[in-house]
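Look at the structure before reading on.

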Amino acid sequence: QVQLVESGGGLVQAGGSLRLSCAASGRTFSNWVMGWFRQAPGKEREFVGRISWGGNVIYAADSVKGRFTISRDNAKNTVYLQMNSLKPEDTAVYYCAAKASLSRAEYEYWGQGTQVTVSS
């Protein structure tokens, strides 16, 4: 079992920055693939990116490349999503998720989400 708790969301003006954190507990964090997702009102959940146990990162959407950075600190059992140059269209509930390996299609564990609101 893995428990995930996101934090760091809030209200920010366009052009601002936020750093989301996802604290994991329950099992060996360093072995897990950690993903970030977001869901805007009225839209389907969107994959933002993921980081492997070794720190390899991919970003799913061109819209976040160059603005968002995913990192992890295995000593702190925490993964981060640094979001810069935020836009109103980044407004969403952001979720972190975990899966045991890159070969798994589905993420097994999810956090409760944290709201990010970007005002224009």
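Q: In this predicted model, which residue of β9 is the bridge partner of Q39?
A: V93 is the partner of Q39. The strands that hold this pair are β4 (residues 33-39) and β9.

Q: What makes β4 and β9 count as paired?
A: Pairing takes at least two bridges. Seven bridges join β4 to β9, so the two strands pair. They run antiparallel.

Q: How do you know that β9 also pairs with β11?
A: Three bridges join β9 to β11 (residues 114-119). The requirement is at least two, so this is a pair. The sense is antiparallel. V93 takes part here too, standing opposite Q115 in β11.

Q: What makes β9 and β10 a pair?
A: There are two bridges between β9 and β10 (residues 109-110). A97 stands opposite W110 in β10.

Q: Why is β9 called largely enclosed?
A: Buried means under 20% relative accessible area. Seven of the eight residues of β9 are buried, so the rest of the structure largely encloses this strand.

Q: What makes β1 and β3 partners?
A: Five bridges join β1 to β3 (residues 18-25). At least two are required, so β1 and β3 pair. E6 stands opposite C22 in β3.

Q: Why is R67 called buried?
A: R67 has 10% relative accessibility. The limit is under 20%, so R67 counts as buried. R67 is found in the loop between β6 (57-59) and β7.

Q: How do you know that R67 makes a polar contact with S85?
A: The side chain of R67 reaches the backbone oxygen of S85 at 2.9 Å. Beyond its neighbours within four places in sequence, R67 is in contact with residues including Q82, M83 and S85.

Q: Why is S85 partly exposed rather than buried?
A: S85 has 40% relative accessibility. Buried is under 20% and exposed is over 50%, so S85 falls in between. S85 has a positive phi of about 50 degrees although it is not a glycine.

Terms used: Residues are numbered from 1 along each chain as its sequence is written. This is a predicted model: local features need pLDDT of at least 70, side-chain atom pairs count only at pLDDT 80 or more; totals for chains, interfaces and linings use all residues. Side-chain values use heavy atoms; hydrogens and water are left out. Buried means under 20% relative accessible area, exposed over 50%, partly exposed in between (1.4 Å probe, protein chains only). Helices (H or I, at least four residues) and strands (E, at least two) are DSSP runs, numbered from the N terminus. A polar contact is a pair of N or O atoms within 3.5 Å; within protein, one must be able to donate a hydrogen and the other to accept it, and residues adjacent in sequence count only if both atoms are side-chain atoms. Contact means heavy atoms within 4.5 Å.
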